[in-house]
Amino acid sequence: MANSSGSNEPVTVQSVDRAIEILELLLRDGEAGISEIADELGVHKSTASRLVYTLQTRDLVEQHGERGRFTIGIGMLRFAGAVTGQIDLARLGTPLCESLAEKLGETVNIAVLDGLVAINVSQARGTSAVAAQNWTGQRTPLHATSSGKVLLASMAEQDQEKVLADELTAYTPSTVVEPDELRTVLKRVAEDGYATCFEELEPGLHAVAVEVLGPSGDVVAAISASGPAYRLSRKRIRQIARELRSAAAELSGQLGYMR
């Protein structure tokens, strides 16, 4: 059907588009109030309230606590499995990320596998964290990040080889792009139980990540801490890895994993 200008381009429905924006906001930030939602959409609070109420009647958003903030609702679990996993991780992982970031003073992220890249579903910054990019919703390379290495190490061998067969980008002089060297790195990840990244994605940025397990014991995500190289020394990286393991075990339990 043509729109009013005579174009054959499909016409978008504004209320549907705004509802999707609300869901995207909650997936990105974990929670939000009506005022924040209205500001994000550029609408009056009464309009935002009606949109949120409609989503709430379908259990697509939920209201929590006395402050009346909203999060993604359990009704979203009806949708595709991959998206379901991200919703669970974003909702359950956000408060955990915030607590851990406050304790460590560094930026904490949760990432999941999305094809042959990683996508960040939650992020929190600690008190010592320098101003940095918000990676939530961003795709990052598997070979050049700590979370990516954890996810890559957990993949079936044939899927690993698909990644290694591509021409890997060297983001810095420290990025590992040679397949045999990367295989050695992945073997070490499996042995150590954590992955590191020392200025492989960005100069001056260090990171460490551990795996998060789903109900069946499969790796469903990676949780990482990152910060400037001068503060995240190799010694401190090992200490942070222990904190990450504890947080990952808690999140794995919340997702249904039982030892």
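Twelve salt bridges are counted in this predicted model. Three of them are set out below.

| Salt bridge | Closest N to O distance |
|---|---|
| Arg-236 and Glu-106 | 2.8 Å |
| Asp-159 and Lys-162 | 3.8 Å |

**Salt bridges in place**

Arg-236 and Glu-106 form a salt bridge, with closest N and O atoms 2.8 Å apart. This pair ties together distant parts of the chain, its partners being 130 residues apart. Arg-236 sits in helix H8 (residues 234–254). Glu-106 belongs to the loop between H4 and strand S3 (107–114). Is Glu-106 buried or exposed? Glu-106 is buried, at 1% relative accessibility. Arg-236 is partly exposed, at 22%.

Arg-28, Asp-29 and Glu-40 are linked in a network of salt bridges.

Asp-159 pairs with Lys-162, and here the closest N and O atoms are 3.8 Å apart. What separates the two along helix H6? They are three residues apart, so about one helical turn lies between them. An α-helix has 3.6 residues a turn, so residues three or four places apart point the same way. Asp-159 is partly exposed, with a relative accessible area of 27%.

**Helix H6**

Helix H6 covers residues 157–165, and its buried residues are Gln-160, Val-163 and Leu-164. Why do these residues line one face of the helix? Viewed down the axis of H6, the buried residues fall within an arc of 95°, so they share one face. On the other side, Gln-158 and Ala-165 are exposed. The buried residues of H6 pack against two helices, H5 (146–154) and H7 (179–192).

**Ser-147 in helix H5**

Ser-147 is located in helix H5. This serine is buried, with a relative accessible area of 6%. Which residues does Ser-147 contact, apart from its neighbours within four places in sequence? They are Ala-111, Ala-209, Ala-222 and Ser-224. Ser-147 also lies 7.4 Å from Val-208, C-alpha to C-alpha, although 61 residues separate the two in sequence.

**Two positive phi values**

Asp-59 has a positive phi, near 60°, and is not a glycine. Asp-59 is placed in the loop between helix H3 (45–57) and strand S1 (61–64). Asp-59 is partly exposed, at 40% relative accessible area.

Glu-199 is likewise a non-glycine residue with a positive phi, about 55°. Its loop runs between strand S6 (195–198) and strand S7 (205–213). Glu-199 is partly exposed as well, with a relative accessible area of 30%.

**A nonpolar surface patch**

Which residues form the nonpolar patch on the surface? Val-13, Val-16 and Ile-20 do, with about 240 Å² of accessible area together. Val-13 lies in the segment before helix H1 (14–29). At 49% relative accessibility, Val-13 is partly exposed. The cut-off for exposed is over 50%, so Val-13 does not count as exposed.

**The chain as a whole**

The protein chain holds eight helices and eight strands. Of its 259 residues, 44% are buried. Among contacts between residues at least 6 apart in sequence, 52% join residues at least 24 apart. The chain exposes about 13700 Å², and carbon and sulfur atoms supply 49% of that area.

**Confidence**

The mean pLDDT of the chain is 85, with 87% of residues at 70 or more. Where is confidence lowest, and where is it highest? Confidence is lowest in helix H4 (residues 81–104), at a mean of 75, and highest in S6, at 96. Over residues 80–84, pLDDT stays under 50. For that stretch the model has three contacts beyond four places in sequence.

How values were computed
Residues are numbered from 1 along each chain as its sequence is written. This is a predicted model: local features need pLDDT of at least 70, side-chain atom pairs count only at pLDDT 80 or more; totals for chains, interfaces and linings use all residues. Side-chain values use heavy atoms; hydrogens and water are left out. Buried means under 20% relative accessible area, exposed over 50%, partly exposed in between (1.4 Å probe, protein chains only). Helices (H or I, at least four residues) and strands (E, at least two) are DSSP runs, numbered from the N terminus. The arc is that of the directions from the helix axis to the C-beta atoms. Contact means heavy atoms within 4.5 Å. Patches are made of residues with over 30% relative accessible area and no salt bridge: like charges are joined within 9 Å, nonpolar side chains (Val, Leu, Ile, Met, Phe, Trp, Tyr) within 5 Å. Accessible areas come from the Shrake-Rupley method with a 1.4 Å probe; for residues, only the protein chains shown count as cover. A salt bridge is a side-chain nitrogen of Lys or Arg within 4 Å of a carboxyl oxygen of Asp or Glu. pLDDT is the predictor's confidence in each residue, from 0 to 100.
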